Amino acid sequence: MTSNDVLRSVRYMLDLSDSKVVEIFALAGSEVPLEDVQAWMKKDEDAAFRKLPDVLMGYFLNGLIFFRRGKSEDAPAPSVERRMNNNIFIKKLRIAFALKTTDIPVVLEKANFKISQAEVGAIFRNPDHKNYRECGDQILRNFLKGLTMMNRPAAPAKKG
């Protein structure tokens with residue numbers, strides 16, 4: 001998945017305004033103009049669409065951690081990755097939403113996606129580890145869907 005896809009998904013999940021997204025970037029020490037955020041939110045086919053650089057997505061995810069959990073003066077700020085991948089997306093989202101590794105299958109189950117705890121563990125391993133596994137788009141997409149279902153309950157059905 002692209003950084004733009006993840007940003008759009010998190011924005012929808014938490015019902016964030018464009019200006020709130022700018023504030024989240026600022027929490028991690030990155031000043032981004034509102035116009036950039038609006039361009040990153042556009043669909044890929046839109047002429048105004050712009051690709052969100054990986055390093056800025058790293059700042060957004062770190063800002064999201066501070067936004068959701070608060071900033072600790074005792075703990076060092078998380079590193080900002082220069083290249084993003086699905087494993088980093090899911091790791092940072094797990095931290096931001098205060099999830100344990102054992103919570104990941106529960107979140108995925110909300111999206112009707114089954115995964116074993118061993119598979120989850122492999123996703124969170126160091127890339128140099130022999131049992132490391134890349135997180136595929138399907139896992140990340142369903143993880144985001146499950147998080148959305150947990151954080152943005154469905155609207156009550158309209159009475160007709």
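Reader: In which helix is the place of T148?

Author: Please keep in mind that this is a predicted model. Within it, T148 has its place in a helix that covers residues 137–151, and that helix is α8.

Reader: Is T148 buried or exposed?

Author: A residue counts as buried when its relative accessible area is under 20%. The relative accessible area of T148 is 13%, and therefore T148 is buried.

Reader: Which residues does T148 touch, not counting those up to four places away in sequence?

Author: T148 is one of the buried residues of α8, a list that also includes L144 and L147. The buried residues of α8 pack against several helices, among them α1 (3–13). Once residues up to four places away in sequence are left out, the ones that T148 touches are S9, Y12 and M13.

Reader: How far apart are the end C-alpha atoms of α8?

Author: Helix α8 has 15 residues, and at 1.5 Å a residue these should span 21 Å. The value found in the model agrees with this expectation, because the end C-alpha atoms of α8 are 21 Å apart.

Reader: Is α2 roughly parallel or roughly perpendicular to α3?

Author: Helix α2 (residues 18–27) and helix α3 (residues 34–41) pack with their axes 9 Å apart and at an angle of about 110°. Angles of 65 to 115 degrees count as roughly perpendicular. The angle between these two helices therefore makes α2, relative to α3, roughly perpendicular.

How values were computed
Residues are numbered from 1 along each chain as its sequence is written. This is a predicted model: local features need pLDDT of at least 70, side-chain atom pairs count only at pLDDT 80 or more; totals for chains, interfaces and linings use all residues. Side-chain values use heavy atoms; hydrogens and water are left out. Axes are lines fitted to C-alpha atoms, for helices over the stretch in contact, and angles run from 0 to 180 degrees between N-to-C directions. Helices (H or I, at least four residues) and strands (E, at least two) are DSSP runs, numbered from the N terminus. Angles under 35 degrees count as roughly parallel, over 145 as roughly antiparallel, 65 to 115 as roughly perpendicular and the rest as oblique. Buried means under 20% relative accessible area, exposed over 50%, partly exposed in between (1.4 Å probe, protein chains only). Contact means heavy atoms within 4.5 Å. The expected span of a helix is 1.5 Å times one less than its number of residues.
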